[in-house]
Amino acid sequence: MKILVCISKTPDTTAKIAFTDNNTKFAEAGIQFIINPYDEWYALVRAIELKEANPDTQVHLINVGGPDADPIIRKALALGGDEAIRINANGNDSYYIAAQIAEVAKQNSYDLILTGKETIDYNGSSVGGMLAELLDLPFVSLATKVDLNGTTCTVNREIEGGEEVNEVTLPVVISCGKGVAEQRIPNMRGIMGARSKPLKVVEPQAIDPLTTIVSFELPPAKAGVKLVSPDHPEELVRLLHEEAKLF
Amino acid sequence: MPVLVFLDQSEGQVKKNSIEAASYAAKVAELAGTTAEGIILGSIPTGLAELGVYGLKKIHTLKQETLDHFDAQIFAKVIAEAVSVIGAKIIVFSNNVNGKAIAPRLSAHLKAGLVMGAIDLPVTTDGFVVKKSLFSGKAFANVSIKTEIKIITLNHNSYKVIKGEGAAEISELSVQVDRAKVSVIAVNKITGEVPLAEAELVISGGRGLKGPENWHLVTDLAKALGAATACSRAVADVDWRPHHEHVGQTGLTIAPNLYFAIGISGAIQHLAGVNRSKVIVVINKDPEAPFFKAADYGIVGDAFEVMPKIIDEVKRLKGL
């Protein structure tokens with residue numbers, strides 16, 4: 001069994017969002033970067049759990065990024081990935097990223113490809129689906145549970161107001177959300193071992209992105225909270241009814 | 001070259017977020033000097049032609065029982081063929097569960113540039129630029145699509161539905177449908193409640209409510225308003241409320257018209273799930289609670305004292 005986990009580098013969840021260069025670049029100064037939480041907590045940890053249940057399993061990690069992504073890749077290796085591939089390119093077009101990953105994935109026959117359900121920065125939710133299409137594989141999105149029984153995979157996926165249980169024969173691409181696994185913290189043995197695990201850097205293919213980001217914006221500042229006295233809570237109801245016209 | 005919108009359905013009804021997408025598609029078509037058409041796969045809901053009121057001139061149907069079960073691969077392939085038959089150059093989806101699964105596949109299939117989570121109409125003064133939400137609504141990006149065919153998924157509650165008059169012409173598609181590789185073996189829906197993801201009004205509780213026995217302060221207000229109920233992660237983690245109610249970074253991201261938070265401090269991870277809400281109301285006894293900075297209205301006070309009065313006032317106003 002070979003599992004590929006796609007990992008992305010994102011700013012920490014508490015990072016201050018600001019832009020530079022005339023609002024064309026994310027302000028990286030002072031920002032701590034992490035593995036995208038959906039990729040790490042759910043996709044990667046589930047892959048590791050599947051390996052623990054079946055030691056014949058290999059867990060490969062893939063990232064599209066520059067050398068500055070190496071620390072987060074090492075952390076993913078410390079959590080339990082066996083080896084990693086970094087495609088040495090920067091891009092924020094999902095198709096460009098998916099197509100780069102697809103080129104590498106085609107050369108290895110993966111049984112299971114896991115991604116996070118989205119990155120917490122671009123909220124794209126699209127690399128997994130694109131990758132599945134480029135590899136002509138089925139895709140189950142927004143998974144909350146992933147179980148393997150031989151060559152069959154049972155996946156619970158989020159739907160409006162509930163969950164749907166899907167069954168699919170491997171190979172398959174699955175995007176993972178909360179419920180798939182529980183966050184883990186790498187132990188010292190994992191951290192030491194990660195240093196000697198292979199991290200292969202490959203050069204990107206010539207692929208044209210389909211979109212470009214022209215500029216970034218921050219939302220207009222809120223006018224500020226209108227406080228109502230706790231002695232007259234009915235005034236709040238009046239404001240919501242008459243001013244905000246919510247009901 | 002019409003604008004094509006995917007009409008996602010559930011239990012014989014076109015989903016509310018697809019109606020928003022349809023209305024958006026109609027406006028996009030109007031700006032491009034063309035018309036909007038819909039596509040619906042599987043069983044045909046009754047009264048489909050009535051969606052003409054949202055500006056759809058035509059709705060393409062493909063009635064096949066197998067399409068009543070969702071498989072993104074099959075859906076994307078069928079839609080790709082329909083796009084070429086219809087000659088559509090702009091395709092719109094709701095950024096809902098199924099839109100998030102199909103649109104990326106369709107994008108890769110057609111090599112068509114994709115913007116996921118659009119929050120506004122495209123600007124075409126210089127190319128084709130769509131504004132999308134980033135960092136769960138804490139920022140936006142203006143994204144230029146450079147390909148001939150363009151795909152947009154619309155964030156829900158980002159575009160106000162415009163209702164006019166008219167009926168859509170129903171047209172049957174003839175497209176070969178492959179066998180699905182994903183089979184649906186069970187659907188577990190929570191019934192009898194307003195689905196949180198689509199709710200316009202949401203009442204939410206946090207640890208400040210002290211225990212599940214006090215949740216009537218949330219549910220009574222929700223019931224009076226016809227609102228959905230939600231909770232913070234801390235509350236779901238201790239099982240006071242079910243996990244499907246958890247909103248925030250790792251839970252559900254929602255954008256209702258009203259998010260009414262009771263006893264939630266407003267940690268940044270929680271805000272990530274709700275800060276696209278149009279109006280945020282915060283009830284908290286701690287004046288320093290960070291949630292007040294993101295709120296539109298608030299009361300610094302004890303929820304156990306103010307909530308019963310609020311519920312009574314809403315009931316009075318609603319004649320309940």
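**Aromatic contacts, cover and surface**

Modeller: Phe19(A), Phe26(A), Phe216(A) and Phe135(B) are joined by ring pairs into a cluster. The model is predicted: local features need pLDDT of at least 70, side-chain atom pairs count only at pLDDT 80 or more, and totals for chains, interfaces and linings use all residues. Side-chain values use heavy atoms, without hydrogens and water.

Biologist: How many aromatic pairs are there over all chains?

Modeller: The whole structure holds 11.

Biologist: Why is the pair of Phe19(A) and Phe26(A) called edge-to-face?

Modeller: Rings of Phe, Tyr and Trp (its six-membered ring) pair if their centres lie within 6.5 Å; planes under 30 degrees apart are stacked, over 60 edge-to-face, the rest tilted. Here the centres are 6.2 Å apart and the planes stand at 70 degrees, so the pair is edge-to-face.

Biologist: What about Trp215(B) and Trp240(B)?

Modeller: Those rings are edge-to-face too, at 6.1 Å centre to centre and 70 degrees between the planes.

Biologist: Why is that pair said to tie parts together?

Modeller: Trp215(B) lies in the loop between strand 13 (201–205) and helix 4 (216–225) of chain B, and Trp240(B) in the loop between helix 5 (233–237) and strand 15 (258–262), so the pair ties together parts 25 residues apart in sequence. Helices (H or I, at least four residues) and strands (E, at least two) are DSSP runs, numbered from the N terminus.

Biologist: What makes Trp215(B) buried?

Modeller: Buried means under 20% relative accessible area, exposed over 50%, partly exposed in between (1.4 Å probe, protein chains only). Trp215(B) has 2%, so it is buried. Trp240(B) has 21%, so it is partly exposed.

Biologist: Are Phe19(A) and Phe26(A) buried or exposed?

Modeller: Phe19(A) has 12% relative accessibility, so it counts as buried. Phe26(A), at 17%, is buried as well.

Biologist: Which residue of chain A lies over the face of Phe33(A)?

Modeller: Lys9(A) does, at 4.3 Å from the ring centre. The rule asks for NZ of Lys or CZ of Arg within 6 Å of the ring centre and within 35 degrees of the ring normal. In chain B, the charged end of Lys150(B) sits over the ring of Phe128(B), 5.2 Å from its centre.

Biologist: How do you know that helix 4 of chain A is mostly covered?

Modeller: Of the 9 residues in this helix (127–135), 7 are buried. Among them are Met130(A), Leu131(A) and Glu133(A). Just after the helix, Asp136(A) takes a positive phi of about 55 degrees.

Biologist: Why is Met188(A) called exposed?

Modeller: Its relative accessible area is 58%, so Met188(A) is exposed. Met188(A) belongs to helix 5 (residues 188–194) of chain A.

Key:
Residues are numbered from 1 along each chain as its sequence is written. Chains are lettered from A and ligands numbered from 1 in the order in which they are written.
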